[in-house]
Amino acid sequence: MFKKMFTLLIAVLFVVPFVVAADDFDDDFGGGFEEDGEDSEEEKEEEEGASEQKQSDEQSESDAAMRDLMGAVETEKPAAKNNAQENQMNQQDEAEEASVLPKGLKPVLLVKGGFSVYGSYKYKDSATGAWKNGNAMFGSVDEGILGLEYLGEHVIAKGTVNLRTDNALIEKAVSNPLMKANLHSIMDGAANALYEVYGGVKFYDVFIKAGKMIPEYGLIDGYQELGMGFATPFLSRSLTVVEGFIPETDAGFALGYNGTFMEDHNVFVGVSLGTGSINSEFWDSDKTMGIYGRVGYAFRDYLKAAVAFQYRTDFYSYPAGTTDSKGKTGKDVNLIGIGVHLKGGYAGFEMPVSFDYNMMKMVEGTAKKSPAGMLLSLAPGYAYQFDHEWIDKVSIAVRFDFVKGVYLSKDGDYLDYTNFKKASNYFRIGATANFFTKEFAGVRGMTGLTFLMQPKSKVDPKNVNKDDKYNHGFTTIVLQAGAEF
């Protein structure tokens with residue numbers, strides 16, 4: 001049997017190519033190499049012998065061996081495969097023709113909000129001066145962005161509007177005037193409703209853009225997604241733009257590089273200049289000038305990291321060194337911030353880490369003070385994927401925020417040093433559970449539950465401001481939902 005198989009293999013390797021070549025040669029030159037009929041007779045005898053041999057059991061075994069060696073030849077499957085590929089290409093062509101949006105243009109959609117089914121905080125009664133319990137049952141859109149983005153070969157453009165609403169925690173329950181100013185700088189006025197509006201060009205991964213945009217700082221843009229599904233402004237957005245010293249969007253100019261090499265490695269570097277719209281009645285300022293920069297690296301979806309810096313100066317309505325009609329003297333008040341931001345993920349686990357250290361200038365009477373503040377946020381979570389028709393995954397995550405450098409009253413000014421205690425601190429803890437839908441027509445959604453608490457803490461032991469020694473914090477449980485494109 002082995003000899004037969006070996007013989008057949010030799011035939012395949014040597015005889016068959018020779019026969020095919022001879023057949024091609026005969027077709028090309030029209031034959032004519034038969035000198036007489038003897039060759040024809042010999043060929044007939046060989047064909048008859050081969051026919052008799054095919055009928056024998058020995059030839060049947062040889063044919064079986066050849067089939068085992070070479071495999072059965074199927075003529076219909078390749079045709080079916082070609083037909084399937086052709087149908088798929090036709091469907092893609094039809095989808096491209098049916099698409100309303102030109103190539104490179106895509107919608108931008110992110111909406112996330114909810115309703116607090118239980119919430120409590122303390123507030124000071126303006127008539128009696130006593131602290132009372134408030135019921136924080138309210139609804140809000142904590143993150144809302146809608147618009148279009150164009151990413152061409154050399155042209156980039158984006159236009160989005162803000163869809164957020166007021167949040168009662170910021171308005172009533174939080175002793176942080178900076179947080180209130182940050183929220184209103186996004187929501188007040190038609191100009192601020194334009195969240196990002198910019199255009200620019202790119203060449204070889206180098207980009208230049210101008211307009212109103214997210215500053216080149218940390219991983220702020222990485223928060224514009226459903227993520228693990230946290231709600232409330234503290235959790236849906238980066239702390240650096242909620243209660244930190246950085247505007248959420250800034251009008252100006254940006255230059256940078258964002259390129260991928262070896263398929264999986266991404267490097268991004270950027271610098272931006274802008275004038276934000278945060279204002280201070282205490283300081284008579286209406287804008288801030290900022291310089292922002294970052295250097296970052298990403299590896300697939302496993303790791304994304306950035307080191308960032310900012311330098312900001314408050315503009316005021318009268319020159320430095322002069323005095324206005326109210327007797328206020330202009331001073332130069334600036335801030336230097338440094339941040340380290342990480343986001344890791346593997347096998348369903350996710351771990352964002354955000355750390356920012358800010359060296360500020362504040363005003364105490366006619367003098368300037370230089371306190372420092374720190375923001376730290378951790379949000380580890382885990383998502384379990386489902387093999388389901390429309391459910392994508394369920395996720396759970398916890399959140400821990402630590403703030404050092406505390407405002408004592410929301411009624412003060414964020415540049416007033418007498419309302420700020422650099423040595424004081426508080427923290428927040430939270431948890432969330434959500435399930436996410438699979439993507440349908442480019443849109444995916446989520447819904448779930450978030451718990452968040454900021455415990456009471458003694459922030460002013462000496463009661464310097466003659467108001468209260470404590471930051472009373474708050475508690476809230478939120479039913480939430482969201483969607484993104």
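**Close-up views of a predicted model**

Figure 1. Helix H6 (residues 177–187) is largely enclosed by the rest of the structure, because 8 of its 11 residues are buried. Buried here means under 20% relative accessible area, exposed means over 50%, and partly exposed lies in between (1.4 Å probe, protein chains only). Helices (H or I, at least four residues) and strands (E, at least two) are DSSP runs, numbered from the N terminus. The buried positions of H6 are Pro177, Leu178, Met179, Ala181, Asn182, Leu183, Ser185 and Ile186. At the N-terminal end, H6 is capped by Asn176, which places a side-chain oxygen 3.0 Å from the backbone nitrogen of Leu178. Just after H6, Gly189 adopts a positive phi of about 90°.

The model is predicted: local features need pLDDT of at least 70, side-chain atom pairs count only at pLDDT 80 or more, and totals for chains, interfaces and linings use all residues. Residues are numbered from 1 along each chain as its sequence is written, and side-chain values use heavy atoms, with hydrogens and water left out.

**Figure 2. Glu196 and its neighbours.** Glu196 lies in strand S5 and counts as buried, at 4% relative accessibility. The side chain of Glu196 makes a polar contact of 3.1 Å with that of Lys158. A polar contact is a pair of N or O atoms within 3.5 Å; within protein, one must be able to donate a hydrogen and the other to accept it, and residues adjacent in sequence count only if both atoms are side-chain atoms. Leaving aside residues up to four places away in sequence, Glu196 touches Lys158, Gly159, Thr160, Lys212, Met213, Ile214, Gln224 and Thr249, where contact means heavy atoms within 4.5 Å.

**Figure 3. A nonpolar surface patch.** Val201, Phe203, Tyr204, Val206, Ile208, Phe253, Leu255, Tyr257, Val269, Leu273 and Val295 make a nonpolar surface patch of about 1,000 Å². Patches are made of residues with over 30% relative accessible area and no salt bridge; like charges are joined within 9 Å, and nonpolar side chains (Val, Leu, Ile, Met, Phe, Trp, Tyr) within 5 Å. Accessible areas come from the Shrake-Rupley method with a 1.4 Å probe, and for residues only the protein chains shown count as cover. At least two patch residues come from each of strands S5 (194–203), S6 (206–213), S7 (250–261) and S8 (265–276). S7 gives the largest share, 3 residues. Tyr204 is found in the loop between S5 and S6 and is exposed, with a relative accessible area of 79%.

**Figure 4. The salt bridge between Glu225 and Lys343.** The structure holds 16 salt bridges, each a side-chain nitrogen of Lys or Arg within 4 Å of a carboxyl oxygen of Asp or Glu. In the bridge between Glu225 and Lys343, the closest N and O atoms are 2.5 Å apart. This pair links distant parts of the chain, 118 residues apart: Glu225 is in the loop between S6 and helix H8 (233–236), and Lys343 is in strand S11 (residues 334–346). Glu225 is partly exposed, at 29% relative accessible area, and Lys343 is also partly exposed, at 24%.

**Figure 5. Salt bridges of Arg444.** Arg444 forms a salt bridge with Asp392, with the closest N and O atoms 3.5 Å apart. Arg444 lies in strand S19 (residues 444–454) and Asp392 in strand S17 (residues 391–407), so the pair ties together parts 52 residues apart in sequence. Both residues of this pair, Arg444 and Asp392, are buried. Arg444 also forms a salt bridge with Glu484, at 2.9 Å between the closest N and O atoms. Glu484 lies in strand S22 (residues 474–484), so its pairing with Arg444 of S19 ties together parts 40 residues apart in sequence. Glu484, like Arg444, is buried.
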